[in-house]
Amino acid sequence: STGLMNGKRGLVMGVANNRSIAWGIAKALAEQGAEIALTYQGDALKKRVEPLAAELGAFVAGHCDVADSASIDAVFEGLEARWGKLDFLVHAIGFSDKDELTGRYVDTSEGNFTKTMLISVYSFTAVAQRAEKLMTDGGSMLTLTYYGAEKVMPHYNVMGVAKAALEASVRYLAVDLGKQKIRVNAISAGPIKTLAASGIGDFRYILKWNEYNAPLKRTVTIDEVGQSALYLLSDMSTAVTGEVHHVDSGYHTVGMKAVDAPDI
Ligand code: NAD
């Protein structure tokens, strides 16, 4: 470790288990000396997150359901009491009804559209509002997005529409918070087999397609997303804000199926 994050404190939201992208990021940050707080969503995940937090010496900031603003407030009150200030924030949260992550986008229901937007888009702004108040020496905020925001991907449907809105909110937040030296960025990660991803139809096919057609001819790991997050959350990127950075083995640069890609 080169201690890139020594003296920095931050909140990482979205650890469900040791396959979560948030976990890959938390590990990379802790390894570089960051002090970390984790939240969990509900009692079922509490049992998973507590031992993971112990592995990193992280503070468990409690339950947070981003659809419940009182639970967000409780977490930030806890952080203010414990640390007084915050240097970074990681938002690795998304949700949509599994039944609508297959079939046609046009069939999306109003109820799921609204819930998907609340949990996957507005929640980043909601936590940014609270984090802003604690980032008194500036800071860095990061969210996670996917290529389905830019191009139509099979089964991604309403989640693609939500990610497009999330990416736009990164830019608006970057402008609003720039004066306070708070940077706001997103990582657009290639597909990774996580709990959330298992809700997406034909996910194995999507993984294979990326492996055969990405310039690097492979998918990405949560540890690689973690290393890239380290750059965006550390002082290595003090002039970078409003950016959507692809960590996808270069997949987003490709315009067509590779000529040597096997049929799947
Ligand atoms: P994951 O299932 O490990 O993490 C998703 C997290 O969202 C969980 O910790 C879950 O508790 C949390 N969450 C859902 N609803 C919530 C709510 N109401 N309140 C609080 N937390 C809530 O899966 P992941 O793939 O690590 O997902 C993290 C982020 O990365 C998501 O935004 C996802 O869209 C994004 N992403 C994932 C991939 C992929 O292929 N796995 C690719 C690009 C972007």
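Let's start with helix α1: its buried residues are I21, A22, W23, G24, I25, A26, K27, A28 and L29. That's nine of eleven residues, so the helix is mostly covered. By buried I mean that 20 or more other C-beta atoms lie within 10 Å of the residue's own; exposed is 12 or fewer, partly exposed is in between, and the C-beta atoms are placed from the backbone. The helices (H or I, at least four residues) and strands (E, at least two) are DSSP runs, numbered from the N terminus.

Two quick words on what you're seeing. This is a predicted model, where local features need pLDDT of at least 70 and side-chain atom pairs count only at pLDDT 80 or more, while totals for chains, interfaces and linings use all residues. Residues are numbered from 1 along each chain as its sequence is written.

Which residues does I25 contact, leaving aside neighbours within four places in sequence? They are V12, V90, A92, V225, G226 and A229, where contact means C-beta atoms, placed from the backbone, within 7 Å. Just after α1 comes G33, with a positive phi of about 95 degrees.

I25 also turns up in the largest nonpolar core, which has 74 residues. A core here is a set of buried Ala, Val, Leu, Ile, Met, Phe, Trp, Tyr and Cys residues joined through C-beta atoms within 7 Å. The members touching the most other members are V12, V15, A22, I25, A26, L38 and V90. Helix α5, residues 157–178, gives the most to this core, with eight residues. As background, nonpolar side chains tend to be buried together in soluble globular proteins.

Now the ligand. It is surrounded by 27 residues, the closest being S20, G94, T194, L195 and A196; to count, a residue's C-beta atom, placed from the backbone, has to lie within 6 Å. Elements giving two or more residues to that shell are α1 (21–31) and β5 (139–145). The shell divides into 20 nonpolar, six polar and one charged.

On to the strands. β2 (residues 35–40) and β3 (residues 59–63) run parallel, joined by four bridges; pairing takes at least two bridges found by DSSP. Y40 stands opposite H63 in β3.

Most residues other than glycine have a negative phi. H155, in the loop between β5 and α5, has a positive one, near 70 degrees. S249, in the segment after β7 (244–247), is also positive, at about 60 degrees. Why does H155 count as buried? Because there are 20 C-beta neighbours inside 10 Å.

Last stop, K133 in helix α4, residues 110–134. K133 is exposed, because it has 11 other C-beta atoms within 10 Å. K133 and K85 sit 48 residues apart in sequence and 8.2 Å apart in space, C-alpha to C-alpha.

Terms used
Nonpolar A, V, L, I, M, F, W, Y, C, P; charged D, E, K, R; others polar. Contact = placed C-beta atoms within 7 Å.
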